[in-house]
Amino acid sequence: MMNFVNVKDVKNFNGQEVTFRGWIYNLRTSGKIWFLLLRDGTGLIQGVVSKNDTTEEIFNKKDILTQETSVTVTGLIHEDRRSPGGFELIVKDIIIHQIAVDYPIALKDHGVEFLMENRHLWIRSRKQWAVLRIRHTVYYAITEYLNENNFFRFDSPILTPNACEGTTTLFQVPYFDLGYAYLSQSGQLYLETGIMSLGRVYDFGPVFRAEKSKTRKHLTEFWMMDAEAAFVEHAENMQIQEELIRFVIRKVLDKNLSELEILERDVEKLRKADAPFGKMTHHDAVDLLRSKGSEINYQDDLGAQDEFLLTEHSDVPIFIEKWPKEIKAFYMKRDPENPNLVLGDDLIAPEGFGEIIGGSQREDDHDILLQRMQAENMPIQDYQWFLDMRKYGSVPHSGFGVGLERLVTWMSGVQHIRETIPFPRTIYRIQP
Ligand code: 4AD
Ligand code: MG
């Protein structure tokens, strides 16, 4: 009987004979012995093959093995500080499943276009593997925090009859005899109905923006977690966002130190970000930017450079709150202290990683909301159901949306958002 184990559990098997199933990551010969680096999805282990420990037949497999060949390898585990992971496998037997012929991605630098073309294979590389594992942690940390804090999962539709975040970034799909549907930009409007049933709700799924942005922060399909809560106002809304993000940072530091090391991420920077977040109004942010030489105006949205300047001396993310209503979505609540502002907040990550959350208190007054929608020439009939929330037991409420890939980009410290999702969709690429 073979004793199948995962590489991640190797420390429990010191001195024992075990069997791993996986792929050859690298091969290296050195005279009378040769080495294989095996990956099994859970980690990497080095195997040593020498004539003393195995048969001639197994020893000679070095002549046919190639990078990414799938194998079952049996051997003796022993502790070896010099090996990656601290343990080594003295190989006795190798069963080959399939020999990989001319695997295109060598263990050297390739151009990014080539890697994107081969994304289906690139995900096997060590750094990509590390990022995908961090993504897993971030995803489950977000849901864990929400589940522990009385939020109920409330899935919103992807095919929708109207826009949530403005009409300029909608993807249109023919929809039978009913005309066109749009791919959801955010589930928020539906979540606002959910709180009237469940109190606090969230969704988590793909959203779509036909955004012509070519930056390293934009995808056309990305994952968003929208959260929404009844009886929560602006200040408490930001408090929930801060708690959530700090919870995620701690989970990543707890679960992914070795992945962060593979990515050469400065973990001290993440540790320092787990402290009270900064906060400033949009107006103060513009003052600060202008004092740094920027020509931004008080009615302007923030660009990537502005976001960088605002956080350049901050270890922690910074909330930018109270925005001019013209540059924010129709559903945001008017600031009772200044009718030209809305109670919105953007959370900006440090180190230039930019906006990771957009949130706000929602306008809960039927007539004020209707006026705003009319002023924006929105098709009121299509949003009647949304206005209904302000007719049948309206309450103060707030919510926010976390961009999963933005958060993973920041945690893992990669330079481009395309590495944080298995199959990135950008304006340039829909393959593979
Ligand atoms: O700021 P946004 O547009 O807010 C909303 O959609 C709200 N309805 C959410 C809510 O209140 N429930 O998007 C939320 C977040 C952004 O802060 C950003 O992290 C991410 O989604 N995001 C993108 N991520 C990748 N590619 C894009 N094109 C993105 N656009 C927004
Ligand atoms: Mg935003």
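Lys-322 and Asp-335 form a salt bridge, and their closest N and O atoms are 3.8 Å apart. The two residues lie in distant parts of the chain, with Lys-322 in strand E13 (residues 318-324) and Asp-335 in strand E14 (residues 334-335), 13 residues apart. Asp-335 counts as buried because its relative accessibility is 5%, and the cut-off for buried is under 20%. The model is predicted, and it holds 32 salt bridges.

**Salt bridges of Lys-333**

- The side chain of Lys-333 meets that of Glu-363 in a salt bridge, at 3.8 Å from N to O.
- This pair also links distant parts of the chain: Lys-333 sits in the loop between E13 and E14, while Glu-363 sits in the loop between strand E16 (354-361) and helix H11 (366-375), 30 residues apart.
- Lys-333 has a relative accessibility of 16%, so this residue counts as buried.
- Glu-363 has a relative accessibility of 3%, so this residue counts as buried too.
- Lys-333 also forms a salt bridge with Asp-364, where the closest N and O atoms are 3.2 Å apart.
- Asp-364 is in the loop between E16 and H11 and Lys-333 is in the loop between E13 and E14, so the pair links distant parts of the chain, 31 residues apart.
- Asp-364 is buried because its relative accessible area is 17%, and buried means under 20%.

**A salt-bridge network**

- Glu-192, Glu-228, Arg-362 and Arg-390 belong to one network, joined by salt bridges that share partners.

**Strand E11 and its neighbours**

- Strand E10 (residues 200-208) pairs with E11 in the antiparallel sense, over 9 bridges.
- In this pairing, Pro-206 stands opposite Trp-223 in E11.
- E11 is also joined to strand E17 (residues 397-403) by 7 bridges, and these two strands run antiparallel.
- Ser-398 in E17 is the bridge partner of Ala-229.
- As a general rule, side chains in a regular strand alternate between the two faces of the sheet.

Definitions and conventions:
Residues numbered from 1 in each chain as written. Chains lettered and ligands numbered in written order. Predicted model: local features only at pLDDT ≥ 70, side-chain atom pairs only at ≥ 80, totals over all residues. Heavy atoms only, no water. Pairing = 2+ DSSP bridges. Helix = DSSP H or I, 4+ residues; strand = E, 2+ residues; numbered from the N terminus. Salt bridge = Lys/Arg side-chain N within 4 Å of Asp/Glu carboxyl O. Buried < 20%, exposed > 50% of the residue type's maximum accessible area, 1.4 Å probe, protein only.
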